[in-house]
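Trainee: I am new to this structure. Could you take me through one part of it closely, residue by residue?

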Amino acid sequence: MTEETRRPRAPITESDVLAWLETTAAAVEAGEVPAQELIDLLGEFRRASAACADASDWLLLAAREGGASLRQIAPVFGKGYVRAPAARLEKLHRQAQNSGQWLAILRHKATA
């Protein structure tokens with residue numbers, strides 16, 4: 001098994017979402033999707049968005065545990081300075097000290 005095949009991949013990408021959006025927008029414009037279905041989808045997307053934010057927080061904790069510096073992490077926050085990830089880590093550390101604890105919190109939320 002090569003290193004590339006073992007690398008974790010995001011379960012959904014920006015391009016996946018855009019492709020879905022283009023297809024769905026065309027169906028909506030054609031009158032093929034009722035309002036209630038759009039509302040249901042909105043709920044699904046809001047829950048998925050929260051799940052992505054939780055996964056992002058786990059990745060931030062795991063990256064720091066893996067030795068990544070705030071300076072290395074900062075660009076993915078779109079800021080170019082370390083305050084954004086540092087502030088997020090500070091907030092996360094009020095709930096969990098490491099990625100394992102954060103995952104346990106997420107598991108508990110999922111079963112509650």
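Mentor: Setting aside neighbours within four places in sequence, Asp57 is in contact with Arg88, Leu92 and Trp102. Bear in mind that this is a predicted model. Asp57 sits in helix α3. Is Asp57 buried or exposed? Its relative accessible area is 7%. The cut-off for buried is under 20%, so Asp57 counts as buried.

Arg88 and Leu92 are among the residues of α5 that make the contact with α3. How do the two helices meet? The axes of α3 and α5 come within 11 Å and cross at roughly 100°. Angles of 65 to 115 degrees count as roughly perpendicular, and α3 and α5 are therefore roughly perpendicular to each other. On the α3 side, the contact is made by Asp57, Leu60, Leu61 and Arg64. On the α5 side, it is made by Pro85, Arg88, Leu89, Leu92 and His93. By class, these residues divide into five nonpolar, one polar and three charged.

Helix α3 covers residues 35-65, and helix α6 covers residues 99-111. They pack at an angle of about 160°, with their axes 9 Å apart. An angle over 145 degrees counts as roughly antiparallel, so α3 is roughly antiparallel to α6. The crossing of α3 past α6 is left-handed. From α3, the contact takes in Asp54, Asp57, Trp58, Leu61, Ala62 and Glu65. From α6 come Ser99, Trp102, Leu103, Leu106 and Lys109. This contact of α3 with α6 has six nonpolar, one polar and four charged residues. Asp57 and Leu61 of α3 are named in the contact with α5, and both are named in the contact with α6.

One more residue belongs in this picture. Asn98 lies in the loop between α5, residues 83-93, and α6. Its relative accessibility is 29%, so Asn98 counts as partly exposed. Which residues does Asn98 touch, not counting those up to four places away in sequence? They are Leu61 and Glu65.

Arg46 gives a sense of distance. Asn98 and Arg46 are 52 residues apart along the chain, and their C-alpha atoms are separated by 26 Å.

Notes. Residues are numbered from 1 along each chain as its sequence is written. This is a predicted model: local features need pLDDT of at least 70, side-chain atom pairs count only at pLDDT 80 or more; totals for chains, interfaces and linings use all residues. Side-chain values use heavy atoms; hydrogens and water are left out. Axes are lines fitted to C-alpha atoms, for helices over the stretch in contact, and angles run from 0 to 180 degrees between N-to-C directions. Helices (H or I, at least four residues) and strands (E, at least two) are DSSP runs, numbered from the N terminus. Angles under 35 degrees count as roughly parallel, over 145 as roughly antiparallel, 65 to 115 as roughly perpendicular and the rest as oblique. A crossing is left-handed if the near helix is turned anticlockwise from the far one by less than a right angle, and right-handed if clockwise. Contact means heavy atoms within 4.5 Å. Ala, Val, Leu, Ile, Met, Phe, Trp, Tyr, Cys and Pro count as nonpolar, Asp, Glu, Lys and Arg as charged, and the others, Gly among them, as polar. Buried means under 20% relative accessible area, exposed over 50%, partly exposed in between (1.4 Å probe, protein chains only).
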